[in-house]
Every structure is written in structure tokens, then in C-alpha cells.
There are 6 protein chains.
Amino acid sequence: MATVPLLTDEEASPEARAVFDDIRKTRGGDFINNFWRALAHDPALLKATWERLKQVMGPGELDPLTKELIYIAVSVANSCEYCAHSHTAAARAKGMSDAQHGELLAVIGMASQTNALATALQVPVDDAFKA
Amino acid sequence: MATVPLLTDEEASPEARAVFDDIRKTRGGDFINNFWRALAHDPALLKATWERLKQVMGPGELDPLTKELIYIAVSVANSCEYCAHSHTAAARAKGMSDAQHGELLAVIGMASQTNALATALQVPVDDAFKA
Amino acid sequence: MATVPLLTDEEASPEARAVFDDIRKTRGGDFINNFWRALAHDPALLKATWERLKQVMGPGELDPLTKELIYIAVSVANSCEYCAHSHTAAARAKGMSDAQHGELLAVIGMASQTNALATALQVPVDDAFKA
Amino acid sequence: MATVPLLTDEEASPEARAVFDDIRKTRGGDFINNFWRALAHDPALLKATWERLKQVMGPGELDPLTKELIYIAVSVANSCEYCAHSHTAAARAKGMSDAQHGELLAVIGMASQTNALATALQVPVDDAFKA
Amino acid sequence: MATVPLLTDEEASPEARAVFDDIRKTRGGDFINNFWRALAHDPALLKATWERLKQVMGPGELDPLTKELIYIAVSVANSCEYCAHSHTAAARAKGMSDAQHGELLAVIGMASQTNALATALQVPVDDAFKA
Amino acid sequence: MATVPLLTDEEASPEARAVFDDIRKTRGGDFINNFWRALAHDPALLKATWERLKQVMGPGELDPLTKELIYIAVSVANSCEYCAHSHTAAARAKGMSDAQHGELLAVIGMASQTNALATALQVPVDDAFKA
């Protein structure tokens, strides 16, 4: 249960509906996931979030699957239940294999461990690493 | 200043020195960064951490640069100063371009933002995302 | 399901009951939410937590609604499911409008994003910002 | 030391300079803080971040000082050193008194504590709190 | 619902089954909790994680219950729902009393609060604390 | 550099001085660490924080060293630089050996890793773990 009701297409304002339409067109499908239905309570925030997401996750110097793996990594470290689910599903849709998923988990686990060790030890940054 | 002194080669135990030797051999260089010099106080932890890291970050289904980008993403979300520096340097050494760095930052920023929104809204996971 | 059973009024100790009574009196209602029923297993911790909360969230230099918005912001960044729900409800009860809720979310999202960027870039603090 | 060099006005690209100009015009002063000088390496990210920040933190349903207090709260929970400094300075510039600062800290401390307790106890969300 | 199906003994690979067998032998019981059934999708990660856990949580300079209390503390601060449940149950199985549980919660709450205050105030580390 | 000036004994208010006196008396020494000198700007917050800390960290069902280890664990997971330093120093003063420190780090590292894995996999809580 969200902290706001999830809006159906009928309940959404025209501004929010326009964003739903663009999501459908961009993704080539009818499905609107709950995140956008919750954000639809604030059409301006919905629009700003979707437009930035579309731009950031689109084609660029990093391929779309790599971007999803990075997204999962951040979501896990931030302990976001919804995001872990939605971006794991998105990575699979973009071709993530089981073996790649396993390696992603191993890297996330390793980083989490050495992050904690470096913080516990308060290791000073080597001069060699400074830009 | 770390919470433990950083051990020089001379101060490290033979067990810790053996790990330093393997780091040098694996990386093909003489430099041992401060993280390992701090961990050297506990040779068993040093050895377990290094051996796992070598295995996880080595060749596999994901290429080494992609693994570094994921590592940076986790380190940033965990607010690890040392790790942000050391893995950004490592990513550059593995070929990360300025443009890729910029896209990495954009994805990390986007994920951090939608993680917060999804958590604030407590969006329920769509059935479509469940394994 | 909590990691401890939630105590009913009958199951709570006299010390815990006294805190329940003060919660009811302070809030002007009969409802005791689950957080306090879980904490009731340790009456001393229950009492210390409630008394401090009552003092901190009471009238002062910041108005009660502003305090709730700050509480939500911290709870979201700490990924506390219970707290996101309970303090969003509390903010509404203290008058938070839908438009204010939307702006709160926008600020939380923005801060989460620039927090990540500043950490990823390890931006040094400007002299002008130092006290 | 940042993970990228901080760009001076002369080193910044014309696109980045245009953002610096807008920051100066909006804030009514010449000072460009380090966050923007680091972001200037990616002019598109700089522009997107600044334009969104300007929009989110501008006048609205919540007053500018309240928005800064919320920003500080998120930044502290995310352990962002740069952001804690820069937004505390910004809040003072927008009129935060010492007494308000003290209350902000008390609320942040209280929320951090009950976030941890609710998570440790895994308290189930009361039906009364669900939207 | 996990992001991967939980594997039964029959569905697990021989490599994963061998780990399940060692978990049963080590713990002296038939129960395999969901964490391992989810990890079983990547037998190498399952094996590495279990073997390291067995080593780290075994007898040493800190007694097993103390190690569980530390594990709970980290899990709570990282907002890990599964881990809060599983390690609270493990601590009880290792003899944690209700009074010890209450004190653990009080310390976690206190640390969370002063962590936030120290970060908000950006308190410089005293020379006396440096190694 | 803190976000507030650190107050000397002379600059502190009588209320803050009284807390300093109690810290000195309780700890049996003259040293007041920076955390309290920063908090002294808000004597009421200083007093409430110190009195609660004294109570929580005092003798009880858990021994003082165990409480410090738990405190370090939370501080590391929350990425609090000041707290990692101050509580590692406090643990040493209460008798933490190098071997215990190494085991503490190993447990914190292990927990950080499995926290991330459980969150990435969104493992459902076993019925057996529910209170």
C-alpha cells in the first residue's frame, strides 16, 4: 500500500495522462507500472522525473544494459525494495543473463564489504588516486 | 589518518607480505594502496578480502570496466570516500572515458532520486516484476 | 510481522501502560500505533523514546508541520518503511496539503540526487561554507 | 581533492559558462561554489542539475527556508559531507536562527533513532496509516 | 517474492546441494532458510558466501552471541528487512535474553542519533582519537 | 571544520559547562572531545544527548565493550567518520584487543555483504523467523 492512492488512467489529470501516453509510446507497450501511477498525484514531478529518466537511460556512451546494472547497484545500496524489483525486471528485459546477474550480485556484495572496511578503518586516500 | 597505522612492507607480517606480493604480481606494478596497508593488521582478513576481490573483479560475463562502474555506484550510495576515489581511479585505468564518467554520474543521480521517491511513496511492487 | 509480538494493553506492563496512557492523553485519542506496542517489551526504552519524542516534536522555533516534513525526509533517506507511512500520515493530520507533499517529494528527490553527485565527485568543501 | 579537477571560468566550456552565468544571475553574486565547478566537466549534467535545482528550490507551497531544512535532513542521513556544509550555510543565508538550527538537529537525531528502532523491530504498518 | 525463484533441494544443482548439505551438517538441523535457496541460482556465489560466513561467525576472540548482535546492528543500519529478522532469530537461538535485546536496541538507537548529529555538525576528529 | 564553531569552556554557557563538568566527573578525566564542544551551541540538546548516552552505555545486561562494538558497527554502516574514530578509540580504551578488532571488522564486512545480497534478491522472510 503506497502513501498515496495509485491513480488509474481515468483518475489521472490530463497532464499526467500525457506522460502516461509518452511512457507507452517510448516503451512500445500498454503497461504503466505503479511508480508512475503513484507519482501522478503531482503531474509536474511525474513529468520532470519521466523526462529526465528517458534522457538518462537512453542510448549514449554506456549501453542500456550497463545502465540498468548500475541502477540496480544504487537501488540495492539504498535499500529500495520497489527499485530492486523493477530494475532487475528491466535488466532482464534488456538481456541480462543469469550468469551476468550472478556476477552483478558478487560485485555488489564485494563493494558493500570493502566499503564497510574502508569506512571502519578510515583509510586515507592515496595521493595517487587524486585527480 | 586511519583508525590503525598503515603498515609498511617492513612492518607487515610474512603472511601480509605474501598478500602484498600477490597484489603486485597480479597488478603488474609495485604500488600497494593504503586500503591493503591498513588491512594488513589482520593478515587473515587481508588475505580473504584480496583473494575474493581478485576473483570477483576478474574476467567473466561482465567486462572489467563494467564491474568498476558498478563498484563506484555502490561506493557512492554507501558514501565511502576512500572507495569513491580508488574505484574512480581504477575505472579510468581500465579505460573509462570522460563521457562515460558523466553518464555514470547521471545514472547514479537518477537512481538516487527515484529510489527516494519510491521509498517516500512506498510504491507496492507490480505483479509483473515478481520472479 | 515484527521481530517481537505487539503488546495489547492487557499484555503490557504497568510501566508500559503508563506510557500508553500519556500517549493517549497527549494526542487526545485512544489509538496506540504499532511502534509503541512493539517497544513496550522494554518499558524503559519505550518511556525514554516517547518522552524525548514528545519534547522534540512539540511547539518550538519550528512549527509542528515543518518538523514532520523533516522527519519524513530523514525516514526516506534511511529507507524506513514504517516511518515513511507513519510520518506521512502524521504530516497530513497536521495539515500537509497535496501540493506541499509534492514539493516535499521534489526536494527529497533533488537532495538525494545532488548528495550522490557530490559524493561521487568528492567535492571539497568551499572555504566560504566553513563556520 | 575531487575525483575531477575543479574548472575555473576560463577552463569551463561555453555551455558550462552559460550555466555559471545563470547561477550568478539567479543568486545575485559572483561566487560559484565547488559543486558546480566539478560538475562542469559534463556541461549537460551541470545544466540539467542546476535547472532542476532552481525550479525545485524556488518559491512554492513550502517556503525556501523549510526546503533548505529538508535538504539538510536528507544530506545528513545520506552522510554527504559537502552537502551538510553547503546547505547549512544556505539555510543560514536564508535566515535560519541558532535556535532553529538546534531544533533541526534534534528532529534529525530523533528521526534517526526511531528509524533504527522501527527497522530493528520490523514494526508492521498500522492499517490507519495506509492511504 | 524474491527477484529469483527460491530453489528446492530438487531444483538446486549438485554444487548448490553440496552447500545445503554442509549448512545442515554445520547447524545440526534440516532447515535451509530462504536466503540460501535464493543464492542457489549462482552456486559459486552461494559457496563463497556460506564458507566465508561459517568462518567469520565461528568461534574466535568474540563469542558467537556478540557477533550476532553486531550483525543485527549492521543489518538495521543498512535497513535490511530479511537480515533484521533472520539475525534476531539467530541471536535468540544463541541465548539473547529479552533484556539484552532491549539494550541492543537502545545502543543502536543511540548510535543512530549521535551518528546523525556528528554528521550534521561535521565535527572534526580529535587528535586524541587518531591512531 | 564543523558547521558550528567548537566552544571552549569559556565560551560555553553555564548550562553547557555543567554538562562538561558531568562528562569530566563520569569519565574521570579532563578531556572534552569535539562532539560535545559542537553540541554545546544548544545546551538542551547537549544535556539530553549526554544524559541518554551515559544511561545507555553504562553497566547493564551487555558489557561496556560489547556496547562499543555495536556502536562502531552502526557508525560504520551509517558512514560516520567522526564516530568511527571516536568509538574505535573508546573500544580500545575499554580493552578491545587487536584480534577482537579484526574479528569485528570481519563481521561488519560479512554483514554488509549479505545485507546487500538479501536486498538485491528481495528474499522473503521465512515463517520460522517471525516472532
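This is a predicted model: local features need pLDDT of at least 70, side-chain atom pairs count only at pLDDT 80 or more; totals for chains, interfaces and linings use all residues.
Residues are numbered from 1 along each chain as its sequence is written, chains are lettered from A and ligands numbered from 1 in the order in which they are written, and side-chain values use heavy atoms, with hydrogens and water left out.

Chain A is assigned two domains, domain 1 (1-57) and domain 2 (61-121); such bounds come from an automatic or database domain assignment. The C-alpha centres of domain 1 and domain 2 of chain A are 24 Å apart. Contact between them (heavy atoms within 4.5 Å) involves six residues of domain 1 of chain A and four residues of domain 2 of chain A. The buried area, meaning the accessible area (1.4 Å probe) that two parts lose on being put together, summed over both, is about 480 Å² for domain 1 and domain 2 of chain A, with 61% given by carbon and sulfur atoms.

Between domain 1 and domain 2 of chain A, four residue pairs are in polar contact, both residues being at pLDDT 80 or more. A polar contact is a pair of N or O atoms within 3.5 Å; within protein, one must be able to donate a hydrogen and the other to accept it, and residues adjacent in sequence count only if both atoms are side-chain atoms. On the side of domain 1 of chain A that touches domain 2 of chain A, helix H2 (34-39) and helix H3 (43-57) of chain A are the elements that give two or more residues. H3(A) gives the most, with three residues. Helices (H or I, at least four residues) are DSSP runs, numbered from the N terminus. By class, that side of domain 1 of chain A has four nonpolar residues, two polar residues and no charged ones. Here Ala, Val, Leu, Ile, Met, Phe, Trp, Tyr, Cys and Pro count as nonpolar, Asp, Glu, Lys and Arg as charged, and the others, Gly among them, as polar.

Salt bridges are defined by a side-chain nitrogen of Lys or Arg within 4 Å of a carboxyl oxygen of Asp or Glu. Over all chains, the structure holds 48 of these salt bridges. Within chain A, A:Asp9 and A:Arg24 form one, with an N to O distance of 3.0 Å. This pair links distant parts of the chain, 15 residues apart: A:Asp9 lies in the segment before helix H1 (14-27) of chain A, and A:Arg24 lies in helix H1 of chain A. Across the interface of domain 1 and domain 2 of chain A, by contrast, the rule finds zero salt bridges.

The description now turns to chain A and chain B. The same surface serves both copies, since 100% of the contact residues of chain B recur in chain A.

The contact takes 61 residues from chain B and 62 residues from chain A. Together the two chains bury about 5800 Å², 73% of it on carbon and sulfur atoms. B:Met110, B:Leu121 and B:Phe129 supply 11% of the area that chain B buries against chain A, more than any other three residues.

The interface of chain B and chain A has two salt bridges. A:Glu103 forms a salt bridge with B:Lys67, where the closest N and O atoms are 3.2 Å apart. There are also 22 residue pairs in polar contact between chain B and chain A, both residues at pLDDT 80 or more. H6(B) provides the largest share of the side of chain B that touches chain A, 17 residues. That side of chain B comprises 39 nonpolar, 16 polar and six charged residues.

Chain D and chain B are related in another way. A rotation of 120 degrees with 0.0 Å of shift along its axis superposes chain D on chain B, with an RMSD of 0.0 Å. This is the relation of a three-fold axis. D:Ser79 comes closest to the rotation axis among the residues of chain D, at 3.7 Å (C-alpha). The copies use different surfaces, with 12% of the contact residues of chain D recurring in chain B.

Eight residues from chain D and ten residues from chain B make this contact. The area buried between chain D and chain B is about 620 Å², and carbon and sulfur atoms give 54% of that area. D:Thr3, D:Asp42 and D:Leu45 lose the most area in chain D to chain B, together 57% of what that side buries.

How values were computed:
Copies are superposed by least squares on the C-alpha atoms of residues with pLDDT of at least 70 in both.
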